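I set out to record what I looked up in this structure. The entries follow in the order in which I made them.

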Amino acid sequence: MIYTVTFNPSLDYVVHMDHFAAGTINRAEQVHIYPGGKGINVALVLGSLHMPARMLGFTAGFTGREIERLCRVHGGDCAFLQLDAGTSRINVKISADGETAVNGQGPDIPADKLEQLLNQIRSLQDGDTLVLAGSIPSSLRDDIYRRILELLQGRSVRTVVDATGSLLKKVLPYHPFLIKPNQDELGGLFHKDLQTEAEIAACAKEVQALGARNILVSRGGDGALLLSEDGRLFRSAAPRGKLVNSVGAGDSMVAGFLTGYDRSGGDYGAALKLGTCAGSATAFRDWLATEADVNALLQQMA
């Protein structure tokens, strides 16, 4: 079983219009409401690809109840913990001549609720996969991902971390199976501006030396690179298509990679290809990719 943790889920209020102008009244042409958060996105795309995934994390208030309801509507397997105070955040996404976002602030997570989540994680079985993805509320210390990987040391639980900055740096000594920075996030770990494939590969090797086993680097329209734990460098071009919405594309890449890796019996090339197609399929539509979307791009890449 694959488990995902979303510490700071959201209701994503997505507004579409031809043009957005700050400082005046804008009128929406289309509005959609989706459950949001990186772990939720990973789990829902995994479900679309017929990979069982259970969502862990925290929800609060009326927005939290709606997040869980929408997750279930879209086939999600929810095991969220309900907080007694606060409300889950609302993120506003404006899709016009560019992409604009205003992300809300999540509720505080008290110590007893955090311990309940850690107990859920302690109950994982050998052979399970745990995906830690996204930001954390300000009430938590930035070593929470490290603490979780420390809990699983010595266990045969595969760990995946999709985070930035200190959240990511602090887990590296615990040898996560996979990390997935984008090109800018990878460079940010070393205060470098990465431009070329050679620079990206060199930086990925530095991260691998710090402990990460496999480094999957998303590059937007330039596709993706994978440095595997056996030192091989894999490349995938991006499929052809029109960018509609980049939100969730990286999460979809993680879901596709895990699906491809398991289905192929550990073939990194196959995992990268499916991951790239899943990420692009989400980028080419209003929300998360479906199995049909991913399969269409796989055929294009054949």
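**Entry 1: T276.** I located T276 in helix α9 (residues 268-283); helices here are DSSP runs of H or I with at least four residues, strands are runs of E with at least two, and both are numbered from the N terminus. I found T276 buried, at a relative accessible area of 2%. Buried stands for under 20% relative accessible area, exposed for over 50%, and partly exposed for what lies in between, with a 1.4 Å probe and protein chains only. Setting aside neighbours within four places in sequence, I listed A224, S236, A237, A238, P239 and M253 as the contacts of T276, where contact means heavy atoms within 4.5 Å.

**Entry 2: basis of the values.** I noted that the model is predicted, that local features need pLDDT of at least 70 and side-chain atom pairs pLDDT 80 or more, while totals for chains, interfaces and linings use all residues. Residues are numbered from 1 along each chain as its sequence is written, and side-chain values use heavy atoms, with hydrogens and water left out.

**Entry 3: confidence.** I read a mean pLDDT of 94 for the protein chain, with 100% of its residues at 70 or more; pLDDT is the predictor's confidence in each residue, from 0 to 100. Confidence is lowest in strand β8 (residues 99-102), with a mean of 87, and highest in strand β11 (residues 178-179), with 98.

**Entry 4: L225.** I placed L225 in strand β13 (residues 224-227) and found this residue buried, at a relative accessible area of 4%. Beyond four places in sequence, L225 contacts E197, I200, I215, L216, V217, R219, F234 and R235. From C-alpha to C-alpha, L225 lies 21 Å from G134, and the two are 91 residues apart in sequence.

**Entry 5: T59.** I assigned T59 to strand β4 (residues 53-60). T59 is buried, with a relative accessible area of 0%. With residues up to four places away not counted, T59 touches P9, G64, E68, F80, L81, Q82, L83 and S88.

**Entry 6: α1 and α8.** I checked how helix α1 (residues 38-48) packs with helix α8 (residues 249-263): the angle is about 45° and the axes are 8 Å apart. The angle makes α1 oblique to α8. From α1, K38, N41, V42, V45 and L46 meet D251, S252, V254, A255, L258 and T259 of α8. By class, I recorded 6 nonpolar, 3 polar and 2 charged residues in this contact.

Notes: Axes are lines fitted to C-alpha atoms, for helices over the stretch in contact, and angles run from 0 to 180 degrees between N-to-C directions. Angles under 35 degrees count as roughly parallel, over 145 as roughly antiparallel, 65 to 115 as roughly perpendicular and the rest as oblique. Ala, Val, Leu, Ile, Met, Phe, Trp, Tyr, Cys and Pro count as nonpolar, Asp, Glu, Lys and Arg as charged, and the others, Gly among them, as polar.
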